[in-house]
Amino acid sequence: MLFIALILVLVSALSIVSAAWTRREAVATRLARKALEQRGLTNFCFRVAHLSLSRLIVEDFALGSDDPLLSVEKVEASFTIGDLLRKHVGRVSLSGVSTRLVVDGALVTSPLYESIKPLLAASQKAQARRPKRAQAGLEFSVGAVVLSDILIDVELAGGTLLSEMVLDAGVVFEADDRYRFWFSAVDEQLLKFKADGHLTLNDGGITVMPEVSLSDLKRLYNIARLIAPDQVASFGVIPEKGGVLNARGVAKIRGWRELETFEIGAELGRGSAFKMPANEISARFQSARLEAGGSLQDFRCRLSTGLSAFSFKDTLHVERETGRLLGMRGSARWLQKEGGKTLNFTVESDLPGRSMSQILPGLLPLAPIFFSDGGTLSVNAGLECSEQEQWGGKVNFKAEATRSSAPLAAGRMGCGKASLSGVLDVNGGRAGNVLCELELADGYLIRRDVNARGDVKLALKAEPPYTAAAGAFSGRLKESIVLPRMGLVIDDGYVQFDGDVAVSELVTNPVWEASVRVPETGLTSEVAGGRFEARAGARASLRYGGEMLSVGGEAWLCDLSLRRDMEDGLSLEAGLGDVRAKLQVPPFELSAVSNMLVESVVSWSGGHFKTSGAQMALEDLEGEVNFGWSMIGGLSFDAGQRLLWRSLEAQGLRVLPGEFGLARIGEEVEALLAVKVEGCDGEVAIRATLPLADARRAVLHVTLPETELAADGVIAEAIRSRMPDFGVEGTVSAAAEIRFLGSQPYVTGRVKMRDGHLTSGDMAAEGVAADVAFESGVFFRTIERPAVTFKQARVGKLMLDAGRVEFHLTPKELFVDRLEVGWCKGRLNAYSVHLDFKNPQDDFIVYADRIDLGEALMMALSFKGQIEGYLYGRFPVGIDRGRVKLYNGFLYSLPGQSGKLRLDDSGQMLELLERAGIRGDVQEPLSKALSDMDFSSVRLDLETLERGQGVLRIKLGGKSNYKEWPAPVDLNLNLHGPMEELLNMGLDMSRKR
């Protein structure tokens with residue numbers, strides 16, 4: 001019976017177990033629900049979908065009713081009976097999990113956690129009251145935990161959705177207390193993050209390799225601004241136009257929290273842009289990459305960036321649509337050691353010329369042209385932090401360009417090397433003084449007919465808060481075309497200069513002030529037959545800032561001297577004590593250049609010159625010209641123009657200064673100067689006109705009004721001092737006009753004289769009048785048929801009546817077109833006389849017309865009485881090396897024109913017959929017959945012989961009125977003798993009364 005009872009009991013138990021196993025999912029669901037309810041968790045639902053000896057599956061878990069705080073599609077646990085006995089679960093996986101996080105300011109909360117937080121607190125208290133053995137008995141280990149498709153909605157407190165994050169994670173036990181893990185988080189519009197690694201539980205060692213990709217930095221910034229606006233605003237950097245950031249790395253941690261080593265690499269996507277509104281700075285990156293690694297005690301990093309756009313306030317904006325504007329690369333090291341910390345970093349960059357031409361004008365207006373071909377930039381720093389947590393050290397920077405050049409109008413400018421360097425002092429954790437130096441070596445400027453070379457150094461020092469800076473500069477300059485062409489040589493070959501510079505309002509609106517000094521340097525020049533010497537110097541000041549500019553300066557030459565020996569034996573000494581040019585440009589806005597005014601003063605003093613042998617000397621020449629210029633008003637002259645000298649003497653004449661002035665008349669500048677000779681009434685007026693549109697059309701007018709030259713005047717006295725036998729009286733006037741044809745002066749003028757009286761030795765002329773027009777360009781010549789006339793002239797004892805000479809004159813030749821003088825009540829004429837001044841030689845003919853017979857005979861013979869008749873003829877004349885020669889010539893009466901001869905005394909004829917060799921008894925009656933006769937023909941022939949001898953033949957034909965000589969008269973007289981005696985025969989006799 002007992003056996004049967006045991007069998008029945010066993011059968012009943014098996015039936016119950018069988019029934020329970022058949023309904024195992026429902027039983028497990030009720031047991032799990034009851035256990036959760038006992039722990040206070042009631043608002044939930046789930047379903048055990050599968051339960052076996054190796055696997056448990058729970059589906060459709062939800063915590064909460066209408067809006068679940070947590071929902072899980074599936075939870076699966078894999079195990080074996082042996083694992084369970086060892087309190088170990090092989091694998092647990094969750095999928096389809098959904099929950100949310102709420103962001104309120106800087107606080108992030110989980111509604112799920114808030115709802116179960118009281119239950120967790122109660123559980124922790126109950127767990128704490130249990131014996132330690134009981135607590136340990138409840139612990140289970142897990143071989144693998146896998147989470148997939150975990151959806152977390154991140155919302156603002158008001159319900160605004162910020163992100164939909166999908167997570168995947170897992171932890172897998174490997175061996176020897178070592179676990180491998182992985183994690184990923186994806187928001188398709190914001191980021192992708194994944195990390196994998198391994199950890200060991202016994203020492204808390206973790207190795208993790210994270211990788212993140214932020215697909216839209218601007219969206220991330222906007223989300224952060226919604227979450228924590230104050231903290232984001234203090235950050236100061238705002239992403240623009242999206243932006244992508246990719247980063248990956250490796251980190252090793254020990255003791256769960258101590259970072260041992262790490263490595264990280266981050267890269268910005270192409271076109272990422274950022275701005276700093278507070279400083280009005282923006283930048284766009286073509287590329288940017290950061291690599292870092294080390295430990296918290298020894299940290300190193302490398303940075304490489306490519307910039308494609310940059311702007312700074314309103315002063316600088318540069319951009320490249322394609323390619324890189326500026327690239328930089330650098331490295332840094334942070335080292336923490338006993339006694340403090342150190343930080344060292346370097347930055348290097350290649351500076352493309354096209355970028356520098358856009359960037360530097362806003363930073364250094366004077367330097368961009370020297371970086372036009374690009375260069376390099378380097379920055380290095382060494383900083384140390386003391387135990388008092390104060391940093392100190394120096395930051396050095398340098399930008400350098402070699403062989404830079406830039407085209408200019410009709411030329412080129414550049415330098416062999418341009419360097420911009422500086423150093424920043426860091427003291428007490430703050431930036432201190434900064435020193436900046438600009439150096440240009442082997443600079444050059446090449447333009448048409450100009451070749452300038454030199455060097456310059458500029459040093460500026462600024463102190464915090466860097467609103468102002470001050471410094472000095474120096475340099476030297478050499479010119480190798482213009483100065484040698486002018487024959488000028490500079491002492492030491494270079495012009496030295498130096499100066500001071502200061503800048504204020506450096507951060508907001510820089511205002512530059514500079515002063516430059518050029519110490520006096522010697523100038524020398526070897527001129528033909530002499531030497532020129534002087535000393536030159538200058539100083540200037542400039543103020544420039546934003547839209548304002550002002551300039552002032554002065555240049556001078558002093559101790560000018562010129563000594564020259566000329567070809568004609570004369571020597572010249574000239575000089576000036578001082579020549580100064582002052583320039584002042586009052587402040588004006590660069591946006592309104594038309595308002596710019598240039599004020600200038602040119603002055604000179606101590607002028608002098610003298611010549612040996614020419615009796616010319618000038619002492620104490622001084623003057624001043626004040627003028628201004630503006631774009632609207634053009635050139636203008638102020639009062640105070642002057643030109644004076646203490647003494648100016650020339651050829652014994654003392655020249656006195658008169659009125660001097662400059663004025664603008666219409667579109668021309670007019671200069672007036674009046675000078676006069678001491679003791680002379682006349683005043684020479686000099687007027688120059690200069691067209692502003694074309695200075696090459698300048699005209700100079702010189703005018704001498706009618707001036708009386710007295711015999712005892714200073715001009716006549718000056719002439720007599722050099723030509724004792726020459727005298728001049730009369731009224732003279734002159735005018736000349738000087739123009740320029742290119743660089744060649746062209747002069748036209750006219751000289752006039754009236755009522756003149758000239759004497760020179762045994763020659764004299766009365767009533768002289770002249771009107772001579774001339775021009776002088778490439779050569780000098782007279783124009784407009786100049787003429788000289790006189791009322792009466794005397795050459796020795798030869799008397800001439802009114803005459804006129806028409807001629808043309810050049811520096812080499814004299815052309816007499818016509819010479820007409822009165823002689824013996826008739827006229828003498830000559831034509832086409834040509835004289836070369838170097839070799840005066842010509843032959844011409846003097847024509848006699850209607851010469852009074854009586855006048856002619858009384859000049860040739862010693863006759864007194866009444867003689868009537870007219871003669872015609874000609875005399876060939878030759879000029880050879882300044883000597884006048886007469887050739888065979890004649891005078892004759894025209895047929896049919898008779899005359900008469902009545903001598904007061906027949907003795908005159910008797911003397912003539914005696915000289916002609918007629919003697920004897922016939923001499924007396926013939927002399928009486930010839931002394932009173934009517935003639936029908938008369939002829940005078942002059943024949944020249946060798947060795948200065950000549951024959952004067954006189955032929956008379958007619959009828960005598962002497963009763964004792966009834967026969968016709970036909971007289972031939974031949975007078976022999978020296979030519980000079982024959983020509984002057986009778987000149988010592990008185991004329992007929």
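Two strands are taken as paired if DSSP finds at least two bridges between them, strands being DSSP runs of E with at least two residues and helices runs of H or I with at least four, both numbered from the N terminus. The structure is a predicted model, in which local features need pLDDT of at least 70 and side-chain atom pairs count only at pLDDT 80 or more, while totals for chains, interfaces and linings use all residues. Residues are numbered from 1 along each chain as its sequence is written, and side-chain values use heavy atoms, with hydrogens and water left out.

A685 of strand 41 stands opposite A674 and also opposite T703 in strand 42. Strand 41 (residues 683–691) pairs with strand 40 (residues 668–677) in the antiparallel sense over 9 bridges. The pairing of strand 41 with strand 42 (residues 699–709) is likewise antiparallel, over 5 bridges. Strands 40 and 41 form a hairpin with 5 residues between them, and G679 in the turn has a positive phi of about 85 degrees.

The chain as a whole contains 14 helices and 59 strands. Of its 993 residues, 35% are buried (under 20% relative accessible area; exposed means over 50% and partly exposed in between, with a 1.4 Å probe and protein chains only). Among contacts (heavy atoms within 4.5 Å) with a separation of 6 or more, 47% involve residues 24 or more positions apart. The chain exposes about 56,700 Å², of which carbon and sulfur atoms supply 57%; accessible areas come from the Shrake-Rupley method with a 1.4 Å probe, and for residues only the protein chains shown count as cover.

S163 lies in strand 9 (residues 161–175). S163 counts as buried because its relative accessibility is 7%. The side chain of S163 makes a polar contact with the side chain of D187 at 2.3 Å (a pair of N or O atoms within 3.5 Å; within protein, one must be able to donate a hydrogen and the other to accept it, and residues adjacent in sequence count only if both atoms are side-chain atoms). Apart from neighbours within four places in sequence, S163 is in contact with I152, D153, V154 and D187.

L53 is placed in the loop between strand 1 (44–51) and strand 2 (55–63). L53 is exposed, because its relative accessible area is 54%. Together with I81, L84 and L85, L53 forms a nonpolar surface patch with about 410 Å² of accessible area. Patches are made of residues with over 30% relative accessible area and no salt bridge, like charges being joined within 9 Å and nonpolar side chains (Val, Leu, Ile, Met, Phe, Trp, Tyr) within 5 Å; a salt bridge is a side-chain nitrogen of Lys or Arg within 4 Å of a carboxyl oxygen of Asp or Glu.
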